Amino acid sequence: MASTRAILVDVTKCIGCRSCEQACKQVHGFPLDTEAKLSPTALTVVEERGDHFVRRMCMHCQEPACASACLVGALKKTAAGPVTYDGSKCIGCRYCLVACPFSVPRYEWSKLTPYVKKCDMCAERQAKGGQPACVEACPVGASIVGNREDILDEAERRILGDSKYVHHIYGSDEAGGTSVFFISDVPFEKLGFVAAPRQAMPVLTSSALADGPTVIVVGGAVLAGLYWITQRRAQVALAEAAEKSDKERS
């Protein structure tokens, strides 16, 4: 069985070159324009926080709230570490956007057939023995990838070996633990990191969900109906656009 993979981002090493952003965009075929915030075409971004540069991306939680909230299993935590998304299953409910404690998933609001977009830690590349594009592109080693336990050991080694670091690995406990970790020489709250609960988010919501089978069944039926309507509207809009285009050509 493949080991669980994880990424370590060392904030003290990042030089703000944005090579990670560009590599991610190239892999996904997105426009190469620099974007300040996460978006459907920017799955990782580098934010400027004073004299520090901070990566933003999916944290790939060990027990992801987005997957727990998804009614149709479009999001799932893989044994290899990444949290992946299957657009063919998505019904557009956007519960994942609300559930994520790190506010990561983005929705293609402007498209007729929208999907949720988020980093998948280059799951396919890693499955073939490669590295995430962002890690591979970093010229100074600010991001590294490896076995999750080894990555945690490396983060702890750096913290204990150099007094400049804050004595905490962000992601080791947040939201029950993640597969993306950060270390820094500045308190994380000053760099815009959220103070996520230490418990896994699905654990915190389990009591509320325990009494919800009927709601889920009924809600699922309603959402399925809404999904059909949305898809039908999209099909009609595309057909009308094609017809208009044909008339203009003739």
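User: Before we get going, what counts as a helix or a strand here?
Analyst: Helices are DSSP runs of H or I with at least four residues, strands are runs of E with at least two, and both are numbered from the N terminus. The model is a predicted one, and on that basis the protein has eight helices and nine strands.

User: OK, so where does Leu71 sit?
Analyst: Leu71 lies in the loop that runs between α2 (65-69) and β4 (75-77).

User: Is that side buried or exposed, or something in between?
Analyst: Leu71 has a relative accessible area of 36%, and because buried means under 20% and exposed means over 50%, Leu71 counts as partly exposed.

User: Which residues make up the nonpolar surface patch?
Analyst: Leu71 forms it together with Val72 and Tyr95, and the patch covers about 240 Å².

User: Switching topic, where is Ser3, and what does it touch?
Analyst: Ser3 belongs to the segment before β1 (5-10), and, leaving aside residues up to four places away in sequence, Ser3 touches Ala80 and Asn147.

User: How far apart are Ser3 and Asn147?
Analyst: In sequence Ser3 and Asn147 are 144 residues apart, whereas in space their C-alpha atoms are 6.1 Å apart, and their side chains are joined by a polar contact of 3.4 Å.

User: And how many of the contacts overall join residues at least 24 apart?
Analyst: Of the contacts in the protein between residues at least 6 apart in sequence, 57% join residues at least 24 apart.

Key: Residues numbered from 1 in each chain as written. Predicted model: local features only at pLDDT ≥ 70, side-chain atom pairs only at ≥ 80, totals over all residues. Heavy atoms only, no water. Contact = heavy atoms within 4.5 Å. Patch = residues over 30% accessible without salt bridge, like charges linked within 9 Å, V, L, I, M, F, W, Y side chains within 5 Å. Areas by Shrake-Rupley, 256 points an atom, 1.4 Å probe, with all protein chains shown as cover. Salt bridge = Lys/Arg side-chain N within 4 Å of Asp/Glu carboxyl O. Buried < 20%, exposed > 50% of the residue type's maximum accessible area, 1.4 Å probe, protein only. Polar contact = N/O pair within 3.5 Å; in protein donor to acceptor, adjacent residues only side chain to side chain.
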